[in-house]
Amino acid sequence: EICRKGSSKGTLVEIRQAAGLLLKNNFRTAFKSMTPSYQQYIKSELLPCLGASDRHIRSTVGTIISVIIQQGGVSGWPELLQALLHCLDSKELNHMEGAMDALSKICEDIPQELDVDVPGLAERPINVFLPRLFQFFQSSLASLRKLSLGAVNQFIMLMPMALVRSMDQFLQGLFVLATAPTAEVRKLVCSAFVQIIEVRPSFLEPHLRNIGEYMLLANKDTDDEVCLEACEFWSADCKAQLPPENLIEFLPRLKPLLLSNMVYAEDDESLVDAEEDDHVSRFYGSENAEDDDNGDIVNVWNLRKCSAAALDILSNVYRDDLHPTLMPLVQAKLANGGDEVWKEREAGGCINGLYPHLPETVSFLIPLLDDKFPLIRSITCWTLSRYSKFVVQGVSHQKGYEQYEKVLMGLVRRVLDTNKRVQEAACSAFSTLEEESAELLGPHLEIILQHLLCAFGRYQKRNLRIVYDAIGTLADAVGEELIQPRCLEILMPPLISKWQQLSNSDKDLFPLLECFMSIAQADPASAGVLYEKEFVVCSLDLLSGLAEEGLGKLAVV
């Protein structure tokens, strides 16, 4: 009652809104257990509030309505559909905005509920609402344009038949809204094109030239979120398996634009996680990572990383068309040593498709391992890890072997970096190089162990697990060379000391024991040891009995 109209003396909007939010939270767990009469009373009191004079109340009511639909479905509240239609057709601003807000939230939370047959209705709700949503694309009010487009966008991934049949009308509406003065609407337009090309690229193929031109312009939008959404289009297009020639004409303008995004976007986060990597975590601390070991800060996807990922995919799809003109740009950025342009050096390091130019590229990258800026050192470690296989393949000739040693020792050196972000990237990159190197690591084994065990003493909990992984990978790579006395004297004392420090219930035992297992398996003699059958059977019986007893007690509890 307070939510609907307040007290007789007048209730503050904030109190009415708080009452509505309490209702919403309670309905998530208690609505289905209410008696039908209570449910009906609540529904009847909510519908008049769709046209409330205060937009905060209208928004809260829309949220409550969406929660109720999640609990009982559209068929459980047929009066709602008629009320929404009445408000949308009323030409009264508050009623139209209230109904559109509620409808957009239903579309966001449970769009599939509008694409079902409802008893008593001749058509599915989506067939009734979709034409009205398209009409609001041309509304003079930015709020209605945004809400209607946002609602339709929620159906793209589902692609119901109603939207398939209306696709031409939808696309025409998107072209009209493409130049909307409101950034939120332009962002939704870009998002719609990206989603369509992911789900049904054939719908956009006849219009790709115009859409490509629009996305180039949107990539330069004054609003960062519009730029980011537009930038997603290039990766999505490459993944859509459309004819590659569709984008070739855009490459000369697209290459410098993406590189520019990577350099000048107002974000100082690393580009390392623009692509997932086996050894590189997507979680990083702050810029001053020496003071932060909680591991809870997650890098946010942004324009720099999106541009890096797009350029990465494009460089693989359009190798011959992209590389001749891209390489000079990349080399120029890698060679730029000024402190004020460190982002240019980082941007130049994250292109995956430079394999034909590998020796030259690696030569540019190696000095950046000692760059002044931690993010440069970090992205360089990550990039070199991507080229590990090719660096190792080049050791058959003298220059290639010299380059391999520079990469190897450069990464080992960075394992002891003072910045935790660089430590993580270097240790992960070194693990990748280990996998490819195998017996090549033999001559450097002692110095590698000294650095890893020094890191073992320095690293805190989060990065320590990466050291365990690096030691385990080293054992797998070099085998019995690791169990020579000169190596074990370096390796085992600190590992055993760490084992003794941990309690039996500490989960940090898992990676440490895995590390021990890799070291043990490096001994070829251990693989051929024969055990008396009786001892093995007896041991298994004991373990089985313990497990059975433990599970029995758990079942009782």
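In which helix is the place of Pro-125? In this predicted model, Pro-125 belongs to helix α7, which covers residues 125–136. Is this proline buried or exposed? Buried means under 20% relative accessible area, and Pro-125 has a relative accessibility of 1%, so it counts as buried. Beyond its neighbours within four places in sequence, Pro-125 is in contact with Val-74, Leu-81, Leu-114, Val-116 and Val-118. Asp-115 lies ten residues from Pro-125 in sequence, and the C-alpha atoms of the two are 6.4 Å apart in space.

The secondary structure amounts to 30 helices and zero strands. Of the 557 residues, 52% count as buried. Among contacts with a separation of 6 or more, 72% are accounted for by residues 24 or more positions apart.

In soluble globular proteins, nonpolar side chains tend to be buried together. In this model, the largest nonpolar core has 102 residues, and the members that touch the most others are Leu-163 and Phe-170. Apart from this core lies another, made of 57 residues, including Leu-445, Tyr-468, Leu-509 and Leu-512.

Which residues does Phe-170 touch? Not counting residues up to four places away in sequence, the list is Phe-134, Phe-137, Leu-149, Val-152, Asn-153, Ile-156, Leu-163, Ala-192 and Ile-196. Asn-153, one of these partners, is found in helix α8, residues 142–153. With a relative accessible area of 3%, Asn-153 is buried. Leaving aside neighbours within four places in sequence, Asn-153 makes contact with Phe-170, Leu-188, Ser-191, Ala-192 and Gln-195.

Phe-170 also takes part in a contact between two helices. Two packed helices are described by the angle between their axes and the distance between the axes. For α10 (residues 167–177) and α11 (residues 183–199), the axes come within 9 Å and cross at roughly 145 degrees. The crossing of α10 past α11 is left-handed. On the α10 side, the contact is made by Met-167, Phe-170, Leu-171, Leu-174, Phe-175 and Leu-177, while α11 supplies Val-185, Val-189, Ala-192, Phe-193 and Ile-196. Sorted by class, this contact has eleven nonpolar residues, no polar ones and no charged ones.

Why is α21 described as largely enclosed by the rest of the structure? The reason is that 13 of its 13 residues are buried.

Helix α21 (374–386) is itself part of what covers the buried residues of α23, together with α20 (358–365), α22 (388–393), α24 (420–437) and α25 (445–458), among the elements included. Helix α23 spans residues 398–414, and its 17 residues reach 24 Å, close to the 24 Å expected. The buried residues of α23 are Gly-400, Gln-403, Tyr-404, Val-407, Leu-408, Gly-410, Leu-411, Val-412 and Arg-414.

Helix α28, residues 509–521, has 13 residues and reaches 18 Å, close to the 18 Å expected. What do the buried residues of α28 pack against? They pack against α26 (461–478) and α27 (485–501). Buried in α28 are Leu-509, Pro-511, Leu-512, Cys-515, Phe-516, Ser-518 and Ile-519.

How values were computed:
Residues are numbered from 1 along each chain as its sequence is written. This is a predicted model: local features need pLDDT of at least 70, side-chain atom pairs count only at pLDDT 80 or more; totals for chains, interfaces and linings use all residues. Side-chain values use heavy atoms; hydrogens and water are left out. Helices (H or I, at least four residues) and strands (E, at least two) are DSSP runs, numbered from the N terminus. The expected span of a helix is 1.5 Å times one less than its number of residues. Buried means under 20% relative accessible area, exposed over 50%, partly exposed in between (1.4 Å probe, protein chains only). Contact means heavy atoms within 4.5 Å. A nonpolar core is a set of buried Ala, Val, Leu, Ile, Met, Phe, Trp, Tyr and Cys residues joined through side-chain atoms within 4.5 Å. Axes are lines fitted to C-alpha atoms, for helices over the stretch in contact, and angles run from 0 to 180 degrees between N-to-C directions. A crossing is left-handed if the near helix is turned anticlockwise from the far one by less than a right angle, and right-handed if clockwise. Ala, Val, Leu, Ile, Met, Phe, Trp, Tyr, Cys and Pro count as nonpolar, Asp, Glu, Lys and Arg as charged, and the others, Gly among them, as polar.
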